[in-house]
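Q: I'm new to this one. Can you walk me through it?

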Amino acid sequence: MQQLDTAYAALADPTRRAILARLELGEATVGEIAQPFPISGPAISRHLKVLEEANLIARTRRGQQLVCRLNPQGFKSAQEWLDHYRAFWAGAFDRLDTHLKKIPEKK
Amino acid sequence: MSATTTINPVLEIRRLFDAPPDVAFDAWLEREQWQAWIGPEGCRCDVPLLEPKVGGRYRLHMHLSDGREIPVEGVFKVIDRPNILAFTWGWALSGHPDTLVTLVFRAKDGQTEITLTHQGLPTEEDRFSHGKGWNSTLNKLALYVKGELV
């Protein structure tokens, strides 16, 4: 569960969502990822660290460069949890609906 | 940010627009507004579809002067008004994979600086041609946000 908290916290930030959108195209160097954003190198590194700790991306060193890519496993567990949560609430609303129908109308 | 060696060609354009960020931002996310200016100069565009939400799709048709019609399709990935907008950009009839356009809006002395990056373009030639296309398109946006696009 803690992993999921970290994942959703990571996804709450638009810059990090934009970074993930970039990585959907394929792996990228830190320089490529940073390019659209008017923020410092250290700030980008912090975003990448948050995404990595949330298991959403993986970083590997290739020569002089850090290369980032999506971690499908991390996305899968976040998605599974979300599906479960959705199913739970759908079920809860159905039950609520049944319950409300049983209550006799007061006039 | 210091430049590092990049694997793929990335197009980056940074320009100033004479409007506040929310005005510049909304010009990209409302169907009628987009239709008014999107596309290079001399090229009329229809925007038959624009779903302004994350995961929403858009479709635009560029009408070239020689009568050809070029469809473009994509999906909105990030909408953070009025700071960041990201959407995929796909030439519907080509075999090219989807590419990604990221726009970052920054207020600057009553104006808005937009940084447009177009990533995932397969070749250096694509980067060059898309650079021409976006610069020409942004000329129209610059006039549009001032209410001067005819």
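This is a predicted model: local features need pLDDT of at least 70, side-chain atom pairs count only at pLDDT 80 or more; totals for chains, interfaces and linings use all residues.

**A first look**

A: The mean pLDDT of chain A is 84, and 90% of its residues reach 70 or more. Here pLDDT is the predictor's confidence in each residue, from 0 to 100. On labels: residues are numbered from 1 along each chain as its sequence is written, while chains are lettered from A and ligands numbered from 1 in the order in which they are written.

Q: Which elements of chain A have the lowest and the highest mean pLDDT?
A: Helix α5 (residues 72-102) of chain A has the lowest, at 74. The highest belongs to α4(A), at 94.

Q: What is chain A built from?
A: Five helices and three strands. Along the sequence they follow the pattern α-α-β-α-α-β-β-α. Helices (H or I, at least four residues) and strands (E, at least two) are DSSP runs, numbered from the N terminus.

Q: How much of chain A is buried?
A: Of its 107 residues, 22% count as buried. Buried means that 20 or more other C-beta atoms lie within 10 Å of a residue's own; 12 or fewer is exposed, in between is partly exposed, and C-beta atoms are placed from the backbone.

Q: How do the strands of chain A line up?
A: They form an open sheet in the order β1-β3-β2, with antiparallel pairing. β1 and β2 of chain A are at the edges with a single partner strand each, so one side of each has no neighbour in the sheet. Two strands pair if DSSP finds at least two bridges between them.

Q: How many bridges join β2(A) and β3(A)?
A: Six. In that pairing, A:R59 stands opposite A:C68. The two strands make a hairpin with two residues between them, and A:G63 in the turn has a positive phi of about 60°.

Q: And how many join β1(A) to β3(A)?
A: Two bridges, again antiparallel. A:T29 has A:V67 as its bridge partner.

Q: What packs on that sheet?
A: α2(A) does, touching β1, β2 and β3 of chain A. Its direction makes about 90° with that of β3(A). α4(A) lies across β2 and β3 of chain A, at about 120° to β2(A). Axes are lines fitted to C-alpha atoms, for helices over the stretch in contact, and angles run from 0 to 180 degrees between N-to-C directions.

Q: What span should α4(A) have?
A: 18 Å, for its 13 residues at 1.5 Å a residue. Its end C-alpha atoms are 18 Å apart, which agrees. The expected span is 1.5 Å times one less than the number of residues.

Q: What comes just after α4(A)?
A: A:N55, with a positive phi of about 70°, although it is not a glycine. A:N55 sits in the loop between α4 and β2 of chain A. It is partly exposed, with 19 other C-beta atoms within 10 Å.

Q: Switching to chain B. What is the strand order there?
A: Seven strands form an open sheet in the order β1-β7-β6-β5-β4-β3-β2, with antiparallel pairing. β1 (11-17) and β2 (44-50) of chain B are the edge strands. The twist averages 25° from one strand to the next.

Q: Which helix lies across β1 and β7 of chain B?
A: Helix α3 (residues 124-145) of chain B, at about 15° to β1(B).

Q: Where is the cis peptide bond?
A: From B:R81 to B:P82, with omega near -10°. B:P82 is in the loop between β4 and β5 of chain B.

Q: Is B:D109 buried or exposed?
A: Exposed, with 7 C-beta neighbours inside 10 Å. B:D109 lies in the loop between β6 and β7 of chain B. Its phi is positive, about 50°, although it is not a glycine.

Q: Last topic. How many residues of each chain are in contact with the other?
A: 23 residues of chain B and 19 residues of chain A. Contact means C-beta atoms, placed from the backbone, within 7 Å. On the side of chain B that touches chain A, β6(B) gives the most, with four residues.

Q: Which helix of chain A lies across strands of chain B?
A: Helix α2 (residues 14-24) of chain A.

Terms used. Two residues are in contact if their C-beta atoms, placed from the backbone, lie within 7 Å.
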